[in-house]
Amino acid sequence: MQPRSTWGVGALVLLLSASPSPGQDLKAPAVQQEAMKKLNFLAGQWKGESWTEFVPGQRSASQGTETLQYKLGGLLLTIEGVHRRKTQDSEGGRVVHSAFAVVSYDEKAKRYRFQAYSDRGNYAEAEAKVGDGSLEWGFRIPQFGEVRYTIRLNEKGQWFEIGEVSQNGKDWRKFFEMTLDRVNER
């Protein structure tokens, strides 16, 4: 029996992905890329400090980095964050937060998508709101409530982010704050 070649299948997949399908909007990537440019203010590497306070009065400080890179010609923005418990040691303490997210623009739905993964095995998918120099997203966590995060550049050009939680959707309590300095551009 002759060995079966997969070259034919691979070539077919390549041809199908390279040529437009019937009804495919050829402008979609350009529209998506243009929409994603609204997030240029965040692209690059950032470093700084944050705190969390899940239980009022029990605040925990950390230091870390956030690295944001465009992928697929600007169709996706990846966000990778690693934060360690704040210590006197320049290396920092143990990792307290490690996450990876992908932001994209859905041309058909006319909205931004935010998909986040954590080192604890958690996953969240949310609609992101992109404003003039801001990014906001949120989701619901059972037993915790509605959670939302908002990133803006402050007057010093630093990444300033807060996380808030609400049990009723009206009254919000800040449980997270982060201020980062840009280390380098994309």
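**A walk around the barrel**

Of the chain's 186 residues, 34% count as buried, meaning under 20% relative accessible area with a 1.4 Å probe and protein chains only (over 50% is exposed, in between is partly exposed). Keep in mind that this is a predicted model, where local features need pLDDT of at least 70, side-chain atom pairs count only at pLDDT 80 or more, and totals for chains, interfaces and linings use all residues. Residues are numbered from 1 along each chain as its sequence is written, and side-chain values use heavy atoms, with hydrogens and water left out.

Start with a cartoon view. You'll find two helices and ten strands; these are DSSP runs numbered from the N terminus, with helices being H or I of at least four residues and strands E of at least two. Reading from the N terminus, the order is α-α-β-β-β-β-β-β-β-β-β-β.

Now colour the strands. The ten of them close into a barrel, S1-S2-S3-S4-S5-S6-S7-S8-S9-S10, with antiparallel pairing. On average, neighbouring strands in this sheet are turned by 25° against each other, direction ignored; the axes behind that angle are lines fitted to C-alpha atoms, for helices over the stretch in contact, and angles run from 0 to 180 degrees between N-to-C directions.

Next, select residues 44-52, which make up S1. On one side, S1 pairs antiparallel with S2 (residues 60-71) over nine bridges; two strands count as paired if DSSP finds at least two bridges between them. Click tryptophan 46, and look for its bridge partner, glutamate 66, in S2. S1 also runs antiparallel to S10 (residues 173-184), joined by eight bridges. There, glutamine 45 sits opposite asparagine 184 of S10.

Move on to S8 (residues 145-153) and S9 (residues 159-166), an antiparallel pair with eight bridges. Show valine 147 and you'll see valine 165 of S9 opposite.

Time for side chains: which residues have the most contacts inside the largest nonpolar core? Select Leu39, Phe114, Leu135, Trp137 and Trp159; the core has 30 residues. S10 supplies the largest share of this core, four residues. A nonpolar core here is a set of buried Ala, Val, Leu, Ile, Met, Phe, Trp, Tyr and Cys residues joined through side-chain atoms within 4.5 Å.

Last stop: tryptophan 137. Skipping neighbours within four places in sequence, tryptophan 137 is in contact with Phe114, Ala126, Glu127, Ala128, Val147, Arg148, Tyr149, Ile151 and Glu161, where contact means heavy atoms within 4.5 Å.
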